[in-house]
Amino acid sequence: MADNENSTDVQFGGHSLVWAGDWSPESARFAASSASRAGYNFIEILVAEPEKVDPVMTKDLLEEFNLTATGCLVFNGDTDISSTDTSKVDAGLDRGRRAIDVVAAWGGTIIDGPITASLQPFEQPASKENRQNSVNALRDMADYAADKGVSLNMEIVNRYESNLMNTAKEGMVYLEEVDRPNVFIHLDTYHMNIEEDGMVEGVLAAGDRLGYVHVGESHRGYLGTGNVDFDAFFGALKQINYTGPIAFESFSSAVVDPALSDALRIWRNLWTDSDDLATKALAYMKERY
Ligand code: MN
């Protein structure tokens, strides 16, 4: 364990896609039991299609395996809250509210993920109208979430997945516009490695508004086998005394969610053994934080 005063408070989690491509009762049991066995404190469950996640079954599973869970929300082209088509914004808001309902119903308090717009390549920069629609929708979702004791953590993703913002500094400007106390920045080392000036500045820019962290390699496979400078990143977390959740995120063509895996361009098989991957990732993170 690293010499971090806050290390005993820190909760480590794993994204459900490390173990399972859906949240059927069988897949959920496999993912939760595996996460618990590997030593994780929480599991991050994809709630992009909230109707496919049974909160009662999930709550029971979490209790059985002594885990908590966060909900990862993703929008697609038909549910893009930054769209100039109000029917798409409305569909996104509906998805967002139902995702918040599901997370609250399993006893969760955290939504994370790229929640400011559709996760997709855009052909142009966002217009003022795109941005304002996103800000307005996020305010609506934030107020809805606040009533249920849920925070929204907006993931800053790279230029191939969002045209609204790609750095923590841009995220902080957006956060000021949204102006809601339960909305925070979510940083991901995979995206930071593409867009930020190193692995420190973005963390410092977010400061006490950093609410959620994804730890992922530059190729989204085994930690320590790619280009991300994790020593610098965890050093920056220590500098801001970060005590929020830290979730390991990794994707391989070995475990596929048909919608998300394609949106993230997971064409390659980076690993096949979820247990080995997850166990080594947790040890790698704990050595540094
Ligand atoms: Mn991520």
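1. Two strands pair if DSSP finds at least two bridges between them. Helices (H or I, at least four residues) and strands (E, at least two) are themselves DSSP runs, numbered from the N terminus. With that in hand, here is the barrel: eight strands close up in the order 1-2-3-4-5-6-7-8, and the pairing is parallel. From one strand to the next, the twist averages 30°; angles run from 0 to 180 degrees between N-to-C directions, and axes are lines fitted to C-alpha atoms, for helices over the stretch in contact.

2. A word on what you're looking at: this is a predicted model, where local features need pLDDT of at least 70, side-chain atom pairs count only at pLDDT 80 or more, and totals for chains, interfaces and linings use all residues. Residues are numbered from 1 along each chain as its sequence is written, and side-chain values use heavy atoms, with hydrogens and water left out.

3. Leu187 has Val213 in strand 7 as its bridge partner. Helix 4 (residues 128-147) packs on the sheet, where it touches strand 5 (151-155) and strand 6, and its direction makes about 145° with that of strand 5. Contact here means heavy atoms within 4.5 Å.

4. Helix 10 (residues 274-288) lies across strand 1 (12-15), strand 7 and strand 8 (246-248), and runs at about 145° to strand 8.

5. Now the metal. Which residues coordinate the manganese ion? They are Glu155 (OE), Asp188 (OD), His214 (ND1) and Glu249 (OE), at 2.0 to 2.2 Å. Donors are N, O and S atoms within 2.8 Å of the metal (3.2 Å for Na, K and Ca), and since water is not among the atoms, sites may look incomplete. Along the chain, the donors follow the spacing E-x32-D-x25-H-x34-E. Glu155 sits in strand 5 and Asp188 in strand 6, so this pair ties together parts that are 33 residues apart in sequence.

6. On to helix 1 (residues 25-38) and helix 2 (residues 55-64): their axes come within 10 Å and cross at roughly 25°. The two are therefore roughly parallel to each other. (Angles under 35 degrees count as roughly parallel, over 145 as roughly antiparallel, 65 to 115 as roughly perpendicular and the rest as oblique.) Pro25, Ala28, Arg29 and Ala32 of helix 1 meet Met57, Leu61 and Glu64 of helix 2. By class, that contact has five nonpolar, no polar and two charged residues; Ala, Val, Leu, Ile, Met, Phe, Trp, Tyr, Cys and Pro count as nonpolar, Asp, Glu, Lys and Arg as charged, and the others, Gly among them, as polar.

7. Helix 1 also packs against helix 10, at an angle of about 40° with the axes 9 Å apart, and the two helices are therefore oblique to each other. Ser34, Arg37 and Ala38 of helix 1 make this contact with Asp275, Ala278, Thr279 and Leu282 of helix 10. The class count is three nonpolar, two polar and two charged residues.

8. Last, helix 4 and helix 5 (residues 168-178): the axes come within 9 Å and cross at roughly 60°, which makes helix 4 oblique to helix 5. Arg131, Ser134, Val135, Leu138 and Arg139 in helix 4 meet Val173, Tyr174, Glu177 and Val178 in helix 5. Here the classes come to five nonpolar, one polar and three charged residues.
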